[in-house]
Amino acid sequence: MENKQSSSPASFVDSTVVPGDVVLDLSSMTSQTIKLGGGLRQDCDAISAMKAGTLRFSKPNKYWIESSQKRYVPCVEDTILGIVVDSKADNFLIDIKGPAMGFLPVLAFEGGTRRNIPKFEILVESSHNSILFSMRLIGLYQLEVGTLLYLRVVKANFGMNPELSCTDASGKAAEFGPLKDGYMFETSTGLSRKLLSSPTCPVLEALGKKLSFEIAVGLNGRVWVNAASPDTIVVVANAIMNSESLSGAQQIIMVDHLLKNIQ
Amino acid sequence: MDARLANTWRLTLNEKNFIKTALLSEIRIDGRKPFEFRNISINFGREDGSAEVQLGQTRVMGIVTAKFVQPYRDRPNEGTLAIYPEFSPMADPSFEAGRSGESAVELGRIIDRGLRESRAVDTESLCIVAGKLVWAIRIDILILDNGGNLVDAANIAALAALMTFRRPECSLGGEDGLEVIIHPPEMRDPLPLIVHHLPIAITFGFFIDENVVVIDPILNEEAVMAGRMIATVNANGDICAIQKAGEGVSQRVIMQCLQLAITKAADITKQIKAAVEAYNSERALQKIKRETTCVGNNVKGDQNQTLDNKGISELVGKYMERLKLISVESYASQNISAEETKSLRRGTDSNCIKFNSTPLSWDPYSKCVDLEFLKASVALQGLSTASEEKEATGKEKGSEAESAGPYEDVNSKWSAVDASTTEMHVIGPKTLKDAVKPKNKGKKKASSVI
């Protein structure tokens with residue numbers, strides 16, 4: 001990320017800010033349009049930070065604050081991992097680790113019409129005792145409460161339940177939907193962003209050289225791993241969980257250690 | 001309501017299946033072997049009787065306090081022991097503040113059974129006046145973070161806290177012999193509780209397949225396991241209590257688990273004892289340092305000076321009286337007992353006497369301050385400052401000889417002494433070793449002595 005110096009003498013880009021810091025002064029850049037991302041707010045001419053974190057900038061005009069927490073704040077177009085909790089008349093209730101449950105419309109699947117709605121059965125062990133919502137019997141998927149889904153956030157407004165979808169913008173499935181087998185664990189939002197960054201995160205690269213596995217990362221702090229044997233999955237999961245506070249070189253060393261121990 | 005729903009921790013089907021399949025190949029999701037315990041770390045707080053235990057991600061704190069109560073009527077000469085578990089909402093989203101669910105009650109009951117019914121804590125020694133007054137020991141267990149297996153961690157915390165708890169010593173006195181005098185910790189050392197053995201709780205988790213047993217389950221495993229057994233055993237091989245819930249398990253498996261529990265309990269007992277030892281020795285060291293520290297805080301500076309002058313004469317007066325009354329030999333014993341000297345020292349802040357806190361080179365019978373010398377120095381109102389000089393020498397004679405020399409210096413240095421705090425160490429808590437100044441100086445200072 002190039003450090004484009006803003007006209008203010010001390011540029012906050014890529015440095016840590018705390019809530020209340022005025023990070024941009026608009027009076028000195030009148031001719032530009034600036035896009036503000038999460039964590040920033042505008043007070044007349046001053047842009048101030050609302051979250052604690054690092055101020056990021058991407059050309060040509062996007063500013064946002066990046067921070068790592070355990071809780072997720074839903075943003076549009078994020079890809080996340082959700083767990084089915086319940087099914088209602090029009091939506092399925094999905095737990096996305098955010099302040100409110102997400103709604104997944106019954107029709108938001110590829111080729112989803114009223115005739116073939118995914119059926120969610122309630123298992124005896126689950127804590128919810130609601131009655132099974134039965135519509136059509138022909139189901140595209142057999143989804144149970146507790147299914148892990150790879151989803152996309154369509155709408156995310158403050159105070160409302162976010163709306164999710166299992167298709168991409170054009171309506172195709174494109175890898176969204178339920179994830180089978182494997183193992184899911186939770187991380188902080190910062191770590192999941194690191195895992196998704198390009199160039200590839202050092203941990204994933206180091207692991208990928210020796211092991212073969214499949215991974216799905218949700219920006220809400222959930223990661224799903226699948227591999228042929230359970231111990232591969234356990235090694236990958238633990239390696240990723242440990243890499244949170246390590247630098248790139250340290251991550252590679254840690255992975256080497258772990259792999260040596262199992263071989 | 002929606003927020004509560006959104007905050008609950010949920011387990012996916014993928015996780016459930018994975019944990020079960022991985023266990024069939026003896027793999028646990030955190031990389032441990034089925035019969036491996038997580039790392040235990042025991043830390044103690046500043047006060048006696050508080051311990052914090054970390055078992056992997058699980059953190060539990062145990063605090064022991066005591067107070068006087070009337071005993072139960074059917075046990076008039078035994079003290080009481082009560083456990084109060086508190087599941088803090090910061091530990092887990094499902095814990096509610098105030099109202100503790102049945103798992104909290106179960107946890108309290110298991111620990112209680114392990115301690116009380118196996119007679120681990122000696123309650124008869126807690127009796128003060130039979131039928132009227134006994135000590136009631138209260139153990140508060142606070143769950144700080146739930147990472148699975150709260151019972152084991154809470155048990156270790158309770159034991160560690162019990163072993164480091166000290167209750168004030170009390171004796172009967174008064175005119176009719178029925179008054180209870182509680183001695184403050186400065187007067188008499190508080191006493192530890194008598195703990196006969198350490199009952200350790202070990203939790204086993206059973207899964208669908210009978211052969212799959214894990215020890216010390218973490219949060220995810222606990223949500224998936226079908227049956228659970230908590231065996232409270234001690235290092236001697238005694239089984240103190242067993243709690244079994246969930247799916248039925250064959251007798252063979254139970255016996256195996258009990259054998260395993262005894263081995264693990266031996267390890268954990270060693271760990272607890274080592275931690276308590278370390279804490280006790282540190283505590284003893286601190287206590288010694290405190291007592292040998294010079295209370296001669298006068299060094300602090302000018303503020304003390306005015307006080308000094310007034311206090312000094314007072315002090316001197318008292319001192320002189322005492323000196324007259326006691327012989328040199330008894331000085332030693334006098335010094336040792338702090339109580340009496342305490343009264344002299346309390347409240348007076350001035351001592352130009354500087355102490356160096358050397359860890360204990362205190363031999364009451366060697367180099368005593370020479371009585372004559374002391375009188376002389378006091379008379380000259382140089383105040384005990386002379387003691388500084390004395391430090392180097394351990395011999396009485398030597399000190400005498402010196403006294404003349406340093407004496408003048410002492411006087412002139414008086415103000416300088418106060419100002420420079422270089423030699424002064426610690427002053428903090430005034431311990432009452434002050435009174436023994438003249439004597440002490442010689443001993444404490446001379447590290448070479450003895």
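Residues count from 1 along each chain as its sequence is written, and chains are lettered from A, ligands numbered from 1, in the order in which they are written. In this predicted model local features need pLDDT of at least 70, side-chain atom pairs count only at pLDDT 80 or more, totals for chains, interfaces and linings use all residues, and side-chain values use heavy atoms, with hydrogens and water left out.

**Exercise 1. A sheet in chain A**

Task: Find the order of the four strands in the open sheet of chain A, then say which strands stand at the edges.

Solution: 
- Start with the terms. Helices (H or I, at least four residues) and strands (E, at least two) are DSSP runs, numbered from the N terminus. Two strands pair if DSSP finds at least two bridges between them.
- Read the order: E1-E6-E7-E3 of chain A, with mixed pairing.
- Look at the ends. E1 (16–17) and E3 (35–36) of chain A each have a single partner strand, so one side of each has no neighbour in the sheet.
- Move to E6 (residues 53–58) and E7 (residues 62–66) of chain A. They run antiparallel and are joined by five bridges.
- Pick one pair: Arg56(A) faces Trp64(A) of E7(A).

**Exercise 2. Strand E8 and its partners**

Task: Which strands of chain A pair with E8(A), and over how many bridges?

Solution: 
- Place the strand. E8 of chain A covers residues 79–87, and eight of its nine residues are buried, so the rest of the structure largely encloses it. Buried means under 20% relative accessible area, exposed over 50%, partly exposed in between (1.4 Å probe, protein chains only).
- Take E13 (residues 148–155) of chain A. It pairs with E8(A) in the antiparallel sense over five bridges. Here Gly82(A) has Leu149(A) as its bridge partner.
- Take E9 (residues 91–95) of chain A. It also pairs antiparallel with E8(A), over four bridges. Asp86(A) stands opposite Leu93(A).
- Check the link. E8(A) and E9(A) make a hairpin, with three residues between them.

**Exercise 3. Where the chains meet**

Task: Describe the contact between chain B and chain A by residues, area and polar pairs.

Solution: 
- Count the residues. Chain B gives 22 and chain A gives 29. Contact means heavy atoms within 4.5 Å.
- Take the area. The two chains bury about 1,900 Å² between them, 60% of it on carbon and sulfur atoms. Buried area is the accessible area (1.4 Å probe) that two parts lose on being put together, summed over both.
- Find the main contributors in chain B. Arg10(B), Asn14(B) and Phe18(B) lose the most area to chain A, together 31% of what that side buries.
- Look for charge pairs. The rule finds one salt bridge across the interface, where a salt bridge is a side-chain nitrogen of Lys or Arg within 4 Å of a carboxyl oxygen of Asp or Glu. Arg10(B) forms a salt bridge with Asp95(A), their closest N and O atoms 3.6 Å apart.
- Count polar contacts. Four residue pairs qualify, both residues at pLDDT 80 or more. A polar contact is a pair of N or O atoms within 3.5 Å; within protein, one must be able to donate a hydrogen and the other to accept it, and residues adjacent in sequence count only if both atoms are side-chain atoms.
- Name the helices. H1 (2–7) and H2 (13–24) of chain B each supply at least two residues of the side that touches chain A. H2(B) gives the largest share, six residues.

**Exercise 4. A buried arginine**

Task: Which backbone oxygens lie by the side chain of Arg32(B)?

Solution: 
- Locate Arg32(B): the loop between H2 and E1 (40–44) of chain B.
- Arg32(B) has 7% relative accessibility and counts as buried.
- Read the distances to its polar side-chain atoms. The backbone oxygen of Glu36(B) lies at 2.8 Å, and that of Asp216(B) at 2.9 Å.
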